[in-house]
Amino acid sequence: MTDSPTPRRIRRDAVANRAGLLTAAAQTLAADPNASVDTIARAAGLSRRALYSHFDDRDALIREMIHAGAERFNAIADTVDDDGPAPLALARLALALWEGAAHVQFAAAVALDDSHVGETAAILTPVRRRVLEIVDRGRCEGTLRGDLHVTTVARLVEEAARTVITRLDSNRPDAAGVAVRAILGVAGLGWREADAVLAEARA
C-alpha cells in the first residue's frame, strides 16, 4: 500500500510552489513584461492549473509579487546602519535599497508605477518612516535642506528614488552612484558634497 502525502508535506510543497511562482514571475516579466500566465507557470516548472490554485489571475500574482518585494525592502532597510551624519545614513540606505532593487528591477518598477504606487507606499511604511527620521535628523543637524518642511523633503527623496528605479538602467556601471547622487541632491547636497558622502558610504 502506498503512503499518501502527509498534510505537512502538502503544505510545504504548496509554499515552495508559491515562492517558485513569485520568483519565476519576477524573472519572466523582466524579460517580457507581457508574458502570459502559461509562460510564467512553465518558468516555475508548474502547470497553468497549479498557478491558478495559488492565484486567481495574473493581476493577483503581480500584486503578490509587489507585496513580497516591498517587504524585502523593509527587511533590507532594517539592517542598514544609520549612525553618523544624516547624509551618510541616507546614502547607505539608498545604496542598500538600490542593490535590492537592481536584482529585481522590473518588479520594483512595476511596484512603483502609477497604477500600483499607492498600494506599494502603504506596504513600504517602515522604509518611508526611516527616510523621514533621517531627513528630520539632517534638518536638525543642518546637514540636509531646511528650506522646506521635513515631510516635503522626505517625499522629494521618495520621488527621486522612484524615478531612478523606474527610469535608470540598472546595468549601467554607475547606476548605484547616480541613484545616491539624485537622492542626496534633492535632500539639499551639492554635487561635490554628494560625491564625498557617496565615497564614504561605500568605504
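**Note on salt bridges in the predicted model**

1. The side chains of Asp-195 and Arg-181 meet in a salt bridge with an N to O distance of 2.5 Å, the term being used for a side-chain nitrogen of Lys or Arg within 4 Å of a carboxyl oxygen of Asp or Glu. Asp-195 lies in helix α11 (residues 191-202) and Arg-181 in helix α10 (residues 175-186), so the pair ties together parts that are 14 residues apart in sequence; helices here are DSSP runs of H or I with at least four residues, numbered from the N terminus.

2. This is a predicted model, in which local features need pLDDT of at least 70 and side-chain atom pairs count only at pLDDT 80 or more, while totals for chains, interfaces and linings use all residues. Residues are numbered from 1 along each chain as its sequence is written, and side-chain values use heavy atoms, with hydrogens and water left out.

3. Within helix α9 (residues 150-167), Arg-162 and Glu-159 are three residues apart, about one turn of the helix, and form a salt bridge whose closest N and O atoms are 3.5 Å apart. Arg-162 is buried at a relative accessible area of 17%, whereas Glu-159 is partly exposed at 28% (buried means under 20%, exposed over 50%, partly exposed in between, with a 1.4 Å probe and protein chains only). Both residues also belong to a network of salt bridges that includes Arg-155.

4. The structure holds 11 salt bridges, including one between the side chains of Asp-81 and Arg-92, at 3.6 Å from N to O. That pair links distant parts of the chain, 11 residues apart, with Asp-81 in the loop between α4 (58-79) and α5 (86-103) and Arg-92 in helix α5.

Notes: Helices (H or I, at least four residues) and strands (E, at least two) are DSSP runs, numbered from the N terminus.
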